[in-house]
Amino acid sequence: MSWVLVLPLTIPFVTAIFAFLFREQSAGRWISVAGSAALVAASLVLLVQTIDAGVLAAQMGSWAAPFGVTLVADLLSAAMAVITAIIALAVSVYALADIDADAERAGYHALFNVLIAGVMGAFLTGDLFNLYVWFEVMLIASFGLLILGGKPEQIDGGVKYVALNLISTILFLTGIGLLYGMTGTLNMADLAGAVESADPGLLSVVAVAFMVAFGVKAALFPLFFWLPASYHTPHFAVSAVFAGLLTKVGVYALIRMFTLVFDHDIGFTHEILLWIAGLTMAIGVLGAAAQNDIRKILSFHIVSQIGYMVLGLALMTPLALVGAVFYLIHHIIVKANLFLIAGVADRIAGDTDLSRIGGLYKSAPFLAVLFFIPAFSLAGFPPLSGFWAKFIVVKAALDVQGWVIAAVALVVGLLTIYSMTKIWAEAFWTPHPDGVDPSLATLAPATRNALVLPVAGLALMTVVIGLVPGGFMSFAETAANQLLVPDAYISTVLEARVE
Amino acid sequence: MAAAAPTSRGHGLLGYGPTALALALFIWFLGFLPVVSAGQAASWAVPWIPVLGIDLAFRIDGLSLTFALLISGIGTLVLLYANSYLTGDPQFDRFVLFLTSFMLAMLGLVLADDLIVLFVFWELTTITSYLLIGYGHDSEKSRRNALQALFLTGAGALAFLAGAILLGEAAGTYRISEVLAQGKAIQDHPHFTAILILVFLGALTKSAQVPFHFWLPNAMAAPTPVSAFLHSATMVKAGVYLLARLHPAMSGGDLWLYTLTILGVVTAVFASLLALRQTDLKQALAYTTLMALGTLVMLLGQDSGYAMTAFATFLIVHSLYKAALFLVVGNLDAATGTRETDALGGLGRVLPMTALAAALAGMSMAGLPPFLGFIGKELTYAGMLQVASFPVILSIMALLANGLILAVASVVAIRPFWSARQPKTPVKNAIPWTMAAGPVVLAVLGTIFGIMPGLLQNTLVAPTVLSLTGDIAETKQLKLWAGVNLPLFLSLATFVLGGLFYAWHATLRARLAMLDRLPNLDEAWDRFMASIKTFAIALTSRIQTGRMTDYMAVTFSTIAIGLIATVLLRGLPPLSPSFADVTPIHLALIGLLLSGTFMATITRKRIAAIAALGVVGIGVALVFIFFSAPDVAITQLLVEVLVVVLVAIVMLQLPRLRDYPNRFRPGHAVIAAGVGGSVTLVLLAILSTPLDRRLTTFFETASWPEAFGRNIVNVILVDFRALDTFGEVAVVVVAAIASIALLRQNRKGRS
């Protein structure tokens with residue numbers, strides 16, 4: 001059934017075209033919402049079918065693998081597709097109130113939907129070069145979104161973003177060339193088998209090239225500069241979708257390649273990843289502690305949290321991969337939501353600089369609740385989703401006697417509390433320096449609904465994942481097993497029927 | 001502090017509802033007394049997270065039930081009290097939500113039979129405590145103290161979490177009753193010491209033992225009902241609970257004995273000295289709470305039946321009198337507007353019920369007969385005397401602490417009401433019955449249990465001892481008159497000492513000022529928090545410099561180091577370059593490419609740099625031509641010309657490069673050489689291995705018969721890999737949209 005794989009990719013492109021055609025009218029933004037809703041439905045169908053079948057694959061252009069391009073979904077890909085669609089829907093509703101008419105006229109909704117298409121493509125492709133194409137689609141669309149508004153700091157952030165990401169892209173392309181030279185194939189499932197006859201030392205070198213290329217995308221230490229340089233500058237809707245999805249594509253690519261293709265020398269490659277994970281966690285969280293603006297704090301926390309996911313990959317035990325998968329899903333929801341909330345705080349309290357705002361706890365208690373949930377989830381407090389994510393990763397580390405890395409993960413958790421309570425204390429508890437009482441009631445009802453509904457929905461998901469994590473974790477366990485033993489993935493891709 | 005004069009109605013249903021809930025829970029728990037006093041336990045379990053082996057398991061035995069009754073019982077009275085105490089407070093809805101949530105979390109904590117479930121509730125009490133300490137959120141001090149409590153107990157909690165994970169791993173289960181069923185076998189596990197230390201860190205931060213004690217007096221920033229409930233009667237005993245819970249499996253070793261005994265005693269003595277030092281009654285009570293926690297911890301360090309019985313008794317005694325006295329102080333505060341000891345006096349007649357409660361609770365705290373406090377103290381002395389290694393020193397320390405506490409009890413419970421020497425404090429607000437009920441009920445219970453200790457003996461104390469030791473026969477008799485023995489003499493000595501301390505307490509307080517010269521951990525905490533920030537800023541400003549050249553340099557260095565290090569550590573297959581095919585044209589081409597590259601790096605003019613890059617591009621196109629890919633070469637040539645022309649046009653618009661330093665940068669040269677060299681090396685290695693031509697062969701054979709195109713490259717682009725081309729088309733379109741947006745904004749910005 002190839003259409004279930006193709007639809008999640010097609011819907012955002014079609015949405016983008018129509019949203020662009022109607023960019024001068026309000027229809028444009030509703031097309032974006034409707035398209036995202038359809039995307040949620042399509043990706044849920046994909047998820048259900050993937051759960052049934054284990055792995056789904058479709059040969060594009062009816063060329064058998066490895067000669068054409070294959071789209072493929074295992075549980076991880078399908079879950080990422082669903083979560084991408086959910087974030088897309090939440091952000092496009094939020095955008096109803098957040099994106100001004102100028103930005104819409106400049107093509108915001110088209111860029112946004114192309115970005116989503118790129119993310120979807122990256123999650124669903126089974127071909128390494130095709131993955132590179134989706135990376136490019138994401139890069140150019142995100143650059144467009146980043147500079148919408150044209151403020152000087154946006155341009156400055158945008159240039160750093162694009163330049164550093166281009167280095168990654170070029171390195172990625174170089175890596176693809178090298179790998180093709182070694183194996184003569186681009187299909188990832190095919191690569192998994194082909195690399196077995198490759199020279200292991202050479203393969204490790206190529207693996208490191210990929211690690212650096214994806215490391216830039218995932219914002220690992222010491223390659224994360226572009227992220228804190230740019231994420232605090234664009235529209236809130238834009239930074240929310242970036243925060244939720246972009247780095248996670250890098251993490252996904254790392255997980256995919258370093259479980260499927262580069263698993264020949266785990267003692268070397270994954271040991272590097274372990275060190276990088278620890279440093280990324282620590283440096284990221286300290287970077288956050290140095291900031292005083294909500295979005296800058298949150299940006300550094302993305303870096304820090306990526307470390308936990310990579311730690312799951314680095315440990316490469318079944319439980320650790322469960323942790324990585326669970327962490328990915330949890331984090332996308334929570335982090336996108338926190339950026340959305342920063343936007344609401346900015347709207348009613350006037351800024352995101354903590355020294356210029358306050359009083360939200362007293363006069364905007366509902367917003368306080370909505371912030372508290374993702375913030376303390378991020379900080380790893382039970383029984384919210386972030387606790388379980390951290391719990392599994394730490395347990396996985398302790399199970400293999402990784403005392404130091406477990407200690408780092410726990411201390412970084414403590415410093416995450418430090419940052420989240422800083423926002424809580426200064427934006428919510430401290431009275432507003434101007435003596436005003438910022439309140440959601442000051443917003444027009446339509447604006448308020450558009451801003452608060454997505455936030456509330458995502459917060460609810462955080463609570464549900466936290467309270468009944470059993471099902472999500474069983475799912476993550478099956479997904480992790482597919483990653484560790486990719487036989488079904490490989491055979492499905494290589495044997496998928498040509499229609 | 002109350003916002004308006006307290007009324008018995010308070011906030012109506014908003015206050016009474018949760019009170020009724022707490023009462024219902026209390027009555028429900030009472031129903032378990034028959035089962036538990038028979039030495040049995042009730043338990044439930046449903047699977048929660050099968051993947052991790054975590055069940056929602058709960059179990060009621062003696063220890064849990066004692067705690068559950070204290071939590072729900074005191075909870076009932078405190079909720080009733082708070083409803084009036086916070087009359088007119090606009091944020092009472094949140095307050096009561098937090099307080100009720102706390103109560104439920106605390107109940108979950110003591111009932112949980114799964115280590116991880118216990119931890120979940122443990123952290124829920126931390127969060128609710130944070131929100132309640134920060135209740136007066138407008139004040140900087142409240143916010144700071146809330147964070148301090150959260151951070152310190154949160155740090156301990158993370159240690160405990162690691163300990164719980166390791167314990168679960170060592171025991172093969174998270175189910176506490178199953179861990180305990182394995183007896184002391186766990187102590188042979190290689191990770192036992194680590195587990196113990198981690199559990200200690202969690203328990204001793206939560207129960208505020210030296211050197212983690214300082215957050216507790218600061219937590220008094222919370223409204224008084226919170227202090228009575230969380231930071232005296234229940235939450236701070238969570239650490240004690242955890243130690244008691246694990247006592248059967250983990251006690252007995254030297255590490256357990258010495259850590260708990262020494263920290264407990266030091267905390268008890270240190271805290272009772274500081275208690276006398278305070279002039280704010282609430283602060284004084286906070287320090288006596290520390291003393292009580294120290295005593296409990298010290299008792300848990302032991303194994304003897306006396307110590308265990310003393311623990312079970314003192315736990316109940318302390319909760320009853322201390323909650324009562326906190327509420328008494330709350331009443332003094334609500335009635336007069338002050339809690340300063342020297343400002344309070346002559347209130348006995350004006351606040352008769354409060355005064356009665358204060359007297360009864362105060363005497364229990366002082367350890368006078370016939371109150372339960374007396375029995376608790378006697379048992380404690382008996383327990384100390386059983387300690388094998390240093391009974392004398394311990395007993396003397398305990399004597400000192402108890403004497404001081406007697407003096408503090410007098411200062412708090414007697415002096416404000418009955419001292420003839422104190423000025424009469426004017427009373428502004430009347431105390432409604434709802435605020436008198438709590439202290440009176442608690443104090444009277446302490447009296448009744450003292451006169452009739454049999455009521456507690458088999459119902460709660462013996463089952464608790466069973467939980468602690470596994471043997472109900474270890475329980476000692478609770479008696480007011482235990483005969484003429486050493487504990488009795490120690491009790492008498494306590495009264496004398498305490499009397500002397502009270503008589504000279506003003507002088508002593510002044511003398512105790514020298515304690516201020518001790519290292520102040522509270523101030524050290526501020527410095528610690530500031531240093532985190534300073535360090536973070538220093539580090540971050542070095543990493544995230546804001547300079548593009550730094551970012552580029554680090555990124556390219558990472559590439560170079562990564563590749564070179566891997567080549568060195570992992571090795572490459574032997575290179576077998578063959579120079580047989582090299583022609584002079586090839587060499588010329590290489591020369592062209594190299595000179596273009598070199599030119600681009602050294603020129604100071606943008607235009608020249610672009611032109612030099614154009615030379616490189618054309619060189620690449622020539623490579624394609626020589627290696628028989630003319631169509632690719634044409635594309636490359638076209639793109640190259642376009643890029644040079646377009647960029648040159650853009651460059652003309654830019655200001656001239658002026659202060660661009662024309663110096664050789666060896667660092668950059670090394671990085672560039674590293675990246676270029678390592679990639680070249682890898683490329684050579686790969687070219688030394690034969691290429692797998694499966695794809696090429698397929699495209700060659702299938703292009704015409706199956707895809708109906710003779711130009712293989714075109715067929716690849718539009719058919720075999722059409723999805724790539726589709727994506728690239730999207731890239732071009734989006735690039736156009738983005739450029740137009742940028743240009744339009746630019747134009748608008750200028751106009």
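Helices (H or I, at least four residues) and strands (E, at least two) are taken here as DSSP runs, numbered from the N terminus. The model is a predicted one, so local features are reported only at pLDDT of at least 70 and side-chain atom pairs only at pLDDT 80 or more, while totals for chains, interfaces and linings use all residues. Residues are numbered from 1 along each chain as its sequence is written, chains are lettered from A and ligands numbered from 1 in the order in which they are written, and side-chain values use heavy atoms, with hydrogens and water left out.

The size of an interface is often given as the accessible area lost when the parts come together. Chain B and chain A bury about 9200 Å² between them, with 76% of this on carbon and sulfur atoms; the value is the accessible area (1.4 Å probe) lost by two parts on being put together, summed over both. To the contact (heavy atoms within 4.5 Å), chain B contributes 96 residues and chain A 115 residues. Across this interface there are 4 salt bridges, each defined as a side-chain nitrogen of Lys or Arg within 4 Å of a carboxyl oxygen of Asp or Glu. Arg694(B) and Asp190(A) are joined by a salt bridge between their side chains, at 2.8 Å from N to O. On the side of chain B that touches chain A, helix 30 (residues 722–750) of chain B gives the most, with 16 residues. By class, that side of chain B holds 64 nonpolar, 16 polar and 16 charged residues; Ala, Val, Leu, Ile, Met, Phe, Trp, Tyr, Cys and Pro count as nonpolar, Asp, Glu, Lys and Arg as charged, and the others, Gly among them, as polar.

Within chain B, helix 6 (residues 140–171) packs with helix 22 (residues 521–543) at an angle of about 80°, their axes being 12 Å apart. Axes are lines fitted to C-alpha atoms, for helices over the stretch in contact, and angles run from 0 to 180 degrees between N-to-C directions. Helix 6 of chain B and helix 22 of chain B are therefore roughly perpendicular to each other (under 35 degrees is roughly parallel, over 145 roughly antiparallel, 65 to 115 roughly perpendicular and the rest oblique). Their contact is made up of 7 nonpolar, 1 polar and 3 charged residues. Among them are Arg144(B) and Phe151(B) in helix 6, and Asp522(B) and Trp525(B) in helix 22.

In chain A, the axes of helix 6 (residues 128–147) and helix 7 come within 10 Å and cross at roughly 175°. Helix 6 of chain A is therefore roughly antiparallel to helix 7 of chain A. Over all chains the structure holds 26 salt bridges, including one between the side chains of Lys160(A) and Asp156(A) at 3.2 Å, N to O. Both residues lie in helix 7 (residues 152–183) of chain A, 4 residues apart, about one turn of the helix.

Most residues other than glycine have a negative phi, and most peptide bonds are trans. Ala65(A) and Pro66(A) are joined by a cis peptide bond with omega about 0°, and Pro66(A) sits in the loop between strand 1 (56–60) and strand 2 (69–73) of chain A. Met316(A) has a positive phi, near 60°, in the loop between helix 13 (294–315) and helix 14 (318–349) of chain A.
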